[in-house]
Amino acid sequence: MTELRELARRLLSEGTVNAVLGWEEGPRGARPAFVTDAAGADRLIFDPRCVHNLAAYLSPRRPHLKQLGKVAIVLKPCDAKAVAGLIRETQVPRENVVLIGVRCGGVLADPESTEPLSEATVADRCRGCPDREAKLADHLVGTAGPGFPGPSHRAQKVEELAALPADQRWAFWQAEFEKCVRCHACRQVCPMCFCERCLADKTMPRWIESSPHNRGNFAWHVARAMHLAGRCVDCGECERVCPEGLPLGLLTRKVAQVVADRYDFRPTDDPAVPAPVGTYRMDDPQEFIL
Amino acid sequence: MDATPADAANFEPRITAFVCNWCTYTGADLAGTSRLQMASNVRIIRLPCTGRIDPMFITKAFERGADGVIVSGCHPADCHYTAGNYHARRRFAIFRELAGFLGVDPGRITFSWVSASEGAKWRDVVNDTVTRVRALGPFTNFRRMVADPATVSAPSTEVK
Ligand code: SF4
Ligand code: SF4
Ligand code: SF4
């Protein structure tokens, strides 16, 4: 933590950046922090409660950081994949951000948790995560824990669901979609959902019915899963912020598996690796096409 | 959800086909001008390219009462816009698995490449799809959402 604070202080006092985005102690656990002066660097923390994917603040739809000029952002290895995604999709010029990587051995599922990090309390995406530090980072600080073994519970649930007959899967999802109130928190928190006008807000034509009825909810979750195919970095933020507890990670996981199996693409913090949707190979498998 | 034999006998599937202007539409036209006999359950929506066929079109078709959907365009290497069908192929592959995961029987969606000269192939695609969807029965999933809200609220299959 001292290392992180010293680095932030130096970047701010030397004028390399105008702000450092990281985490601080809030009234209810860790929370995102914007530090704009060197004295404030001591507010910064990093511990297993630093769950939030701060890359979402970099997306151009959110002007917070842009107004501050050049910024530094503190990143876990998984968050770095989202930054790489934003660079890959030309949303963030690489030279506009300083990336401070924190070495990571897993975070808690809940940033408000007071429990120690353990097999039971760890965020599901950390189970089996092989990354201890972000290769994309300009600076690396801290030491990493050993990490947690996989497989993730989500991946197991995807398999169990996939083994059910179609009508039972339909019933499962209908019961889940029924809870969705279409607050779009899942969209707002997602670093890769940066469209100026989301399909869900378009009315001419209205592809996604706006009322929180299962018909529109189905369309919404299809749209979101499709738009994030090959782009989702599995940060789990959508599922974490959903006020109704929808298992959104099952959808993103499923799509990620399809993309990995068919196109050999896994989320990466290398912006030079092309995205799997928007590119193609002439010999892509097409066993499902007559 | 499965149709009884009696239903199946009276059931005429409604099939929506999204086809590209350059190959499949022309192929379907050829099937017509050649007077090929085929099932008349298909309503064609013509688009410039398979690359223009958004998965939301398929979702909307089902939402609005289609029992099955056909998506068809130019063979690989034949796209009028060079690569629209290659992009579409990836999108459809992902969508197909997603739809299946959400509980839509993949048998309700046909993807095909039909060129401008393949009138007979279009006939086969149509007949195959109609036969397959007829066997699956009416797609009542969306209709039930409106008709019987209780069905929608039914407890989910527990997956722990
Ligand atoms: S956050 Fe949850 S309730 Fe809100 S729109 Fe997304 S899935 Fe629905
Ligand atoms: S879809 Fe969810 S898990 Fe994927 S990048 Fe967006 S917030 Fe993260
Ligand atoms: S759901 Fe789709 S249209 Fe909406 S913000 Fe996300 S990527 Fe953009």
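Trainee: Which residues surround ligand 3?

Mentor: The model is predicted. In it, ligand 3 is surrounded by A:Arg187, A:Cys193, A:Cys195, A:Cys198, A:Leu199, A:Ala200, A:Ala223, A:Arg224 and A:His227. Helix α6 (residues 214–227) of chain A gives the most to this shell, with three residues.

Trainee: What makes up the shell around ligand 1, by class?

Mentor: That shell has nine nonpolar, one polar and two charged residues. Among its residues are A:Cys180, A:Cys183, A:His184, A:Cys186, A:Cys242 and A:Glu244.

Trainee: Why are α2(B) and α5(B) called roughly perpendicular?

Mentor: Helix α2 (residues 24–33) of chain B and helix α5 (residues 119–136) of chain B pack at an angle of about 90°, with their axes 7 Å apart. Angles of 65 to 115 degrees count as roughly perpendicular, and α2(B) and α5(B) are therefore given that label.

Trainee: Which residues of α2(B) and α5(B) meet?

Mentor: B:Thr24, B:Gly27, B:Ala28, B:Leu30 and B:Ala31 in α2(B) meet B:Gly119, B:Lys121, B:Trp122 and B:Arg123 in α5(B). By class, that contact has four nonpolar, three polar and two charged residues.

Trainee: How many residues does the contact take from chain B and from chain A?

Mentor: It takes 38 residues from chain B and 41 residues from chain A. On the side of chain B that touches chain A, α4(B) gives the most, with 12 residues.

How values were computed
Residues are numbered from 1 along each chain as its sequence is written. Chains are lettered from A and ligands numbered from 1 in the order in which they are written. This is a predicted model: local features need pLDDT of at least 70, side-chain atom pairs count only at pLDDT 80 or more; totals for chains, interfaces and linings use all residues. Axes are lines fitted to C-alpha atoms, for helices over the stretch in contact, and angles run from 0 to 180 degrees between N-to-C directions. Helices (H or I, at least four residues) and strands (E, at least two) are DSSP runs, numbered from the N terminus. Angles under 35 degrees count as roughly parallel, over 145 as roughly antiparallel, 65 to 115 as roughly perpendicular and the rest as oblique. Two residues are in contact if their C-beta atoms, placed from the backbone, lie within 7 Å. Ala, Val, Leu, Ile, Met, Phe, Trp, Tyr, Cys and Pro count as nonpolar, Asp, Glu, Lys and Arg as charged, and the others, Gly among them, as polar. A residue is near a molecule or strand if its C-beta atom, placed from the backbone, lies within 6 Å of it.
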